Amino acid sequence: MSIVVVAAVIVAPGGRVLAAQRAEPAALAGGWEFPGGKVDPGESEPQALVRECREELGVEIAVGERVGGDWPLAEGYVMRVWLCSLLSGRPEAKEHLALRWLGPGEYYDVEWLGADLPIMKTVENLLLRD
């Protein structure tokens, strides 16, 4: 059985998405990802997304459309991803090295982690469709 990790693609007006630079572990530090984390026992995946964004970014989000199916990660982990929007707060890097809003034409200006790069490509296609 896979361990589920959830990730939030927070989309702002103009098709901007929030990227977060990992602080740890050392093997991933400096790479860029979508914020999120593990689902705790007894919580739904959307509840985990809301909690993780509150803890990591200090914001409240609304969880929207799921992006793709299960995205494989290393060692028995799987990532599930949702498009989200900000309800309140301004994202702060509480657990990351940095945060960056990326607009159309800037989506690949950061070095995405291997697991997050195909997600960004899928999200780009979804945002361009709208």
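**Figure 1. The residue after helix α1: Gly58 in the predicted model.** Gly58 follows α1, and its phi is positive, near 70 degrees. This is a predicted model, so please read each view below with that in mind. The helix that comes before Gly58 covers residues 45-57, which makes 13 residues. From first C-alpha to last, α1 reaches 18 Å, close to the 18 Å expected at 1.5 Å a residue.

**Figure 2. The buried residues of α1 and what covers them.** Which residues of α1 are buried? They are Glu45, Ala48, Leu49, Val50, Arg51, Glu52, Cys53, Glu56 and Leu57. Their cover includes strands from several parts of the sequence: β1 (3-12), β2 (16-21) and β4 (36-38), together with β5 (60-72), β6 (77-88) and β7 (98-102).

**Figure 3. A closer look at Glu52.** Glu52 has its place in helix α1. Is Glu52 buried or exposed? With a relative accessible area of 9%, Glu52 is buried, because the cut-off for a buried residue is under 20%. Once neighbours within four places in sequence are set aside, Glu52 is in contact with Gly36, Gly37, Lys38 and Leu57. Strand β4 (36-38) is also listed among the elements that cover the buried residues of the helix.

Figure 4. Glu24 and Pro25 are joined by a cis peptide bond, with omega at about -10 degrees. Pro25 sits in the loop between β2 and β3 (32-33). The relative accessible area of Pro25 is 42%, so this residue is partly exposed. For a sense of distance across the model, take Thr122, which is 97 residues from Pro25 along the chain: the two C-alpha atoms are separated by 26 Å.

**Figure 5. Arg22 and its contacts.** Here we stay in the loop between β2 and β3, where Arg22 lies. Arg22 is partly exposed, at a relative accessible area of 21%. What does Arg22 touch, not counting residues up to four places away in sequence? The contacts are Leu28, Ala29, Gly30, Gly31 and Glu33, along with His96, Leu97 and Leu113. Phe34 is twelve residues from Arg22 along the chain, and their C-alpha atoms are separated by 9.5 Å.

**Figure 6. Glu75, a residue other than glycine with a positive phi.** The phi of Glu75 is near 50 degrees. This residue belongs to the loop between β5 and β6. Glu75 is exposed, its relative accessible area being 74%.

**Figure 7. Stepping back to the whole protein.** How many helices and strands does the protein have? There are two helices and seven strands, in the order β-β-β-β-α-β-β-β-α along the sequence. The radius of gyration is 13 Å, close to the 14 Å from the globule rule for 130 residues, so the protein is as compact as a globular protein of that length. The C-alpha trace spans about 35 × 30 × 30 Å along its principal axes. Buried residues account for 43% of the 130. Among contacts between residues at least 6 apart in sequence, 65% join residues at least 24 apart.

**Figure 8. The surface and its charges.** The side chains include 12 positive and 20 negative ones. The centres of these two sets lie 2 Å apart.

Key:
Residues numbered from 1 in each chain as written. Predicted model: local features only at pLDDT ≥ 70, side-chain atom pairs only at ≥ 80, totals over all residues. Heavy atoms only, no water. Helix = DSSP H or I, 4+ residues; strand = E, 2+ residues; numbered from the N terminus. Rg over C-alpha atoms; globule rule 2.2 N^0.38 Å. Buried < 20%, exposed > 50% of the residue type's maximum accessible area, 1.4 Å probe, protein only. Contact = heavy atoms within 4.5 Å. Lys, Arg positive; Asp, Glu negative; His and termini not counted. Charge placed at Lys NZ, Arg CZ, Asp CG, Glu CD. Expected span 1.5 Å × (residues − 1).
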